[in-house]
Amino acid sequence: MANQLQFENSPYLKQHAHNPVHWMPWGEEALKKAQEENKLIIISIGYSACHWCHVMERESFENEVIAQTMNKFYVPIKIDREERPDIDQVYMTAVQLMTNAGGWPLNCICLPDGRPIYGGTYFKAHDWQNILIQIARMWEEQPEVTLEYADKLTRGIQQSERFPINPIPEQYKLDDLKDIINPWKELFDPKDGGYHRSPKFPLPNNWLFLLRYAVLAHDHETLNHVHFTLQKIASGGIYDHIGGGFARYSVDSEWHVPHFEKMLYDNGQLISLYAEAYQQHPLPLYKRIVEETITWAKREMLAPNKGFYSALDADSEGVEGKFYTFDLSEIKTILGDDADLFIAYFNITAEGNWEEEKINILNCDIDADQMAQEAGYTSEEWEAYLRTIKKKLFDYRKKRIHPGLDHKQLATWNALLLNGLIDAYRVFDKQDYLELALENAEFLMHELIAEDFTMLHQPKDSNRSIPGFLDDYAFTIAAFTALYEATFEEKWLYTAKGLLDKTIELFYDNHEKTFYYSASNSEKLIARKSEVMDNVIPSSTSTICHQLKKIGLLFDNEGYIALSDQLFANVFPQIKTYGSAYSNWAILLLEELYGCNEIALTGEDAQAFRKELDHYYIPNKIVLGGTKGSLPLLLNREGLKSKAYLCRNKTCSLPQNTIAELIKIIE
């Protein structure tokens with residue numbers, strides 16, 4: 001007998017529809033049942049591409065005895081964290097407060113009113129059964145103990161990521177930046193890139209900040225480490241060298257063995273990062289990575305409605321990584337005479353370079369392309385040869401059983417991919433990148449944005465309509481502003497402004513001087529949280545802070561800028577505590593210290609000027625232009641010959657006739 005999850009749209013929830021556990025989706029029915037029957041709630045949260053979620057399902061949730069315990073003493077609720085990140089935030093905070101750790105699967109035992117009393121991540125079957133029995137007994141025999149603990153824990157959840165309202169400094173100092181950077185650099189791993197740790201996550205926003213900082217501050221040591229890290233990531237097994245795209249993280253410290261799930265949000269950000277890194281230091285490897293990752297996204301993640309799907313599973317046929325790995329004999333059979341060079345290039349061995357599984361994960365040394373030079377290839381010939389060889393392996397691999405696809409289309413993640421496409425278009429000037437970006441932007445407009453600028457988190461389905469969260473608004477605003485800067489079509493910027501005004505209306509608390517993650521008119525949970533710390537994805541608050549400043553400059557709107565300045569002042573003292581967790585906030589500090597170059601390009605050659613400008617790496621800039629425009633910096637400049645203006649702190653340069661002249665002023 002299928003449980004209530006059979007009626008859900010989420011692939012993750014559907015995966016649990018035939019468990020013997022009487023799972024219910026989050027909603028009024030489940031919460032009312034817990035209250036009426038005075039039963040504890042099990043809130044179990046995961047996502048479809050999560051390997052350990054699958055393991056716990058097999059070991060515990062498909063176990064008849066454990067299911068019987070869950071059904072008898074609890075109301076089990078299953079949640080897709082990607083559908084309801086607001087709920088996930090609350091209970092993830094609870095588990096982190098209880099255990100100093102977090103992750104997925106996330107399992108929280110709660111009172112009938114939803115307040116947590118116990119939690120953790122993955123549990124072995126025997127441990128899970130024991131916990132269930134012990135907590136149920138405590139609820140029956142000592143309910144006052146659980147009630148007291150729930151009170152304390154809930155207060156902790158409500159206070160997390162809340163900071164005092166600080167005065168806005170007259171100016172920030174370079175010493176502030178040094179206080180952030182010096183302890184950060186102590187974490188660098190000079191041997192394998194990234195940080196001294198395992199597992200290793202790409203953390204795109206960390207390296208984006210460090211790249212911009214290193215260039216602006218002329219810190220060559222940090223700049224070298226950024227490029228070393230990016231080359232190590234791109235060369236390692238965390239990158240799919242055959243089909244393009246990055247896995248979520250590597251389980252080791254060498255970027256070698258990935259956790260094979262591919263997430264749209266990682267790849268959107270990494271496209272942006274590698275495009276920007278190429279603009280600063282044009283390595284062919286970076287261009288290859290961007291091209292192959294966009295090709296992957298278009299081929300495997302793009303829906304007919306031009307929205308992008310969420311994720312590919314780590315497993316196929318119940319085995320992690322089976323789709324992506326090869327043994328030596330396969331390579332020899334597929335490639336024939338070409339095998340030897342390929343085997344050397346990708347470090348393939350007879351025993352398998354993934355020792356635990358005795359199979360090969362394609363990875364190469366960061367200087368592996370020198371092998372091509374030694375073999376007599378020019379760089380162009382080598383790129384063509386690599387494409388040909390990879391195509392043979394790709395055609396072979398696509399006959400295998402593919403990993404599962406999570407077909408959700410999330411606003412935030414689509415906006416991140418959209419931003420990646422725009423960044424790639426501006427750096428590489430490939431028209432098809434822009435066309436794909438425009439199609440995706442129209443998807444967001446038609447499927448997720450209403451006429452009054454309210455947003456949905458994902459397209460409405462037969463079960464429910466989920467209102468947008470702060471990150472849905474923030475990243476869509478960022479993507480549409482970027483699309484304006486690439487095309488000079490003002491409709492994208494005015495849509496971004498409309499969304500920004502709606503964001504302030506729904507999410508900003510003037511008393512607390514902060515943005516909440518969920519809207520003021522959304523479902524009330526046990527806590528209304530702010531999301532301030534940057535993680536694998538920059539936080540929604542840091543992102544909206546960026547956009548308030550950027551759109552404030554573009555429209556000369558002091559109100560937006562004042563909101564941004566106050567938000568930043570509130571968070572600023574925290575950045576020094578752990579720079580990596582505030583990297584997007586740290587980018588704002590760079591702009592405070594080094595200023596923002598507002599570049600206005602006018603006349604019929606405005607787009608040609610923009611393309612020439614994008615040959616230069618200027619990390620702290622905004623660009624506007626066109627033959628006519630309603631923005632303050634463009635007023636009274638219509639119809640003039642093509643000119644370029646540089647503005648800083650409400651002062652503009654004399655008109656420049658060429659981009660070369662403009663660059664001299666900037667430098």
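Strand β15 (residues 597-602) pairs with strand β17 (residues 643-648) in the antiparallel sense over 5 bridges, where pairing requires that DSSP finds at least two bridges between two strands, and within this pairing A600 stands opposite Y645 in β17. This is a predicted model in which local features need pLDDT of at least 70 and side-chain atom pairs count only at pLDDT 80 or more, while totals for chains, interfaces and linings use all residues. Residues are numbered from 1 along each chain as its sequence is written, and side-chain values use heavy atoms, with hydrogens and water left out.

The open sheet to which these strands belong has 4 strands of mixed pairing, in the order β16-β15-β17-β18. Because β16 and β18 stand at its edges with a single partner strand each, one side of each is left without a neighbour in the sheet. Strands are DSSP runs of E with at least two residues, and helices are runs of H or I with at least four, numbered from the N terminus.

The second largest pocket holds about 670 Å³ of space, and of its 26 lining residues the closest to its centre are K549, L553, I561, E598 and N649. Here a pocket is an open set of points on a 1 Å grid over the protein atoms alone, where a 1.4 Å probe fits, with protein on both sides within 12 Å along at least five of seven lines, and lining residues have an atom within 4 Å of a point; the volume is the space filled by probe spheres set on the points. Helix α22 gives the most to this lining, with 4 residues.

| Helix supplying the lining | Residues |
|---|---|
| α21 | 540-555 |
| α22 | 558-575 |
| α23 | 583-594 |
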